[in-house]
Amino acid sequence: MEPLLNKLAKFGIAMAAGSAVLQSAIYNVDAGCAGVIFDRFTGVKTYVHGEGTHFVIPLVQKPIIFDCKARPRNIPVITGSKDLQNVNITLRILFRPKPSMLPNIFSQVGEDYDERILPSITNEVLKSVVARFDASELITQRETVSRQVSEDLEERADAFGLILDDVSLTHLSFGHEFTHAVEQKQVAQQDAERARFVVEKAEQQKIAAITTAEGDSIAAELIAKSITECGEGLIELRKLEAAEEIAAAMARSRNISYLPKGQGLLLNIQQQ
């Protein structure tokens with residue numbers, strides 16, 4: 001019985017050792033990733049393993065997995081414009097590595113390539129592009145600035161084996177002095193618009209007053225001519241019209257009562 005147990009123990013140890021060796025000899029590459037092999041004797045291999053299960057030599061080769069999916073990154077930069085104004089810009093980049101360039105990226109830069117490459121080239125490109133525009137042009141020509149930054153940054157990133165799927169300016173602001181100057185300019189423009197409106201209103205009122213005076217003068221001449229030609233009839237007509245208006249207004253009032261002529265007020269009380 002003892003020899004059989006020894007054989008079973010040896011077989012179990014052999015199976016465990018074989019399983020451990022097999023486990024260390026294979027590795028998986030997930031979807032959207034790629035693998036690079038580092039050999040302890042020859043260094044980084046030039047080929048790249050795609051998605052799936054692959055074999056390596058245990059204790060000699062080591063797989064390094066890179067995420068090849070697009071990832072976002074926000075990079076803030078403080079730079080100067082053409083007219084020497086401080087500009088705060090935040091650039092949002094959607095990037096991913098070229099799978100064929102992963103061996104070079106790993107051997108020359110390392111696994112944290114995004115921390116080492118993106119901030120440096122972004123600072124360089126932004127400072128170069130922003131220096132070509134005045135502060136006001138950065139606002140009015142923002143689309144042109146964004147397109148120029150995107151083109152220059154894609155060219156620089158391509159040299160490091162990176163693909164930029166999207167580059168956009170998400171934040172653009174200026175120093176306190178420039179912002180205060182812009183606010184003062186806007187206030188001055190609003191005051192100028194208000195003053196121009198007041199002047200135009202006064203001119204219109206002047207024209208209206210002149211027109212009214214001319215109309216009154218013509219009306220007075222016509223009335224005087226009518227009186228001269230027709231006598232006092234026009235004045236009597238105006239009196240009747242005024243009396244009619246006064247009577248209508250008094251009839252609508254609740255504080256006025258009309259009593260027949262010759263009758264007593266309120267109650268017909270005989271005097272003692």
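A disulfide is a pair of cysteine sulfur atoms lying within 2.5 Å of each other. The legends below describe a predicted model, in which local features need pLDDT of at least 70 and side-chain atom pairs count only at pLDDT 80 or more, while totals for chains, interfaces and linings use all residues. Residues are numbered from 1 along each chain as its sequence is written, and side-chain values use heavy atoms, with hydrogens and water left out.

View 1. A search of the whole structure finds zero disulfides. The sulfur of C68 has its closest cysteine sulfur in C33, at 6.7 Å, which is too far for a bond. C68 is buried, with a relative accessible area of 14%. C33 is buried as well, at 15%. Here buried means under 20% relative accessible area, exposed means over 50%, and partly exposed is in between, calculated with a 1.4 Å probe on protein chains only.

View 2. Helices (H or I, at least four residues) and strands (E, at least two) are DSSP runs, numbered from the N terminus. Two strands pair if DSSP finds at least two bridges between them. Strands of a sheet pair through backbone hydrogen bonds, either parallel or antiparallel. In this view, three strands form an open sheet in the order β3-β2-β5, with antiparallel pairing. The edges are taken by β3 (43-49) and β5 (61-67), each with a single partner strand, so one side of each has no neighbour in the sheet. Neighbouring strands are turned by 25° against each other on average, direction ignored. Four bridges join strand β2 (residues 33-39) to β3 in the antiparallel sense. V36 stands opposite V48 in β3.

View 3. Three strands, in the order β6-β7-β8, form an open sheet with antiparallel pairing. Its edge strands are β6 (71-80) and β8 (162-174), each of which pairs on one side only. From one strand to the next, the twist averages 20°. Strand β7 (residues 86-97) is joined to β6 by 10 bridges, and the two run antiparallel. N74 stands opposite R92 in β7. Helix α3 lies across β6, β7 and β8, running at about 40° to β6. Helix α5 (residues 142-158) also packs on the sheet, where it touches β7 and β8, and its direction makes about 140° with that of β8. For these angles, axes are lines fitted to C-alpha atoms, for helices over the stretch in contact, and angles run from 0 to 180 degrees between N-to-C directions. Contact means heavy atoms within 4.5 Å.

**View 4. The largest nonpolar core, with L153 among its members.** A nonpolar core is a set of buried Ala, Val, Leu, Ile, Met, Phe, Trp, Tyr and Cys residues joined through side-chain atoms within 4.5 Å. Of the 37 residues in the largest core, those touching the most other members are L91, Y113, L138, V149, L153 and L164. Helix α3 (residues 113-130) gives the most to this core, with eight residues. Leaving aside residues up to four places away in sequence, L153 touches L91, I93, I121, T122, V125, L164 and V167. A second, separate core has five residues, including V29, C33, I37 and V56.

**View 5. The salt bridge between R73 and E115.** A salt bridge is a side-chain nitrogen of Lys or Arg within 4 Å of a carboxyl oxygen of Asp or Glu. The structure holds nine salt bridges. In one of them, the side chains of R73 and E115 meet at 3.2 Å, N to O. R73 belongs to strand β6 and E115 to helix α3, so that distant parts of the chain, 42 residues apart, are linked. E115 is partly exposed, with a relative accessible area of 46%.

View 6. K98 forms a salt bridge with D158, the closest N and O atoms being 2.5 Å apart. K98 lies in the loop between β7 and α2 (102-108), whereas D158 is in helix α5, so the pair ties together parts that are 60 residues apart in sequence. Both are partly exposed, K98 at 23% relative accessibility and D158 at 41%. E124 forms a salt bridge with R156, with the closest N and O atoms 3.0 Å apart. This pair links helix α3, which holds E124, to helix α5, which holds R156, across 32 residues. E124 is partly exposed at 43%, and R156 is partly exposed at 28%.
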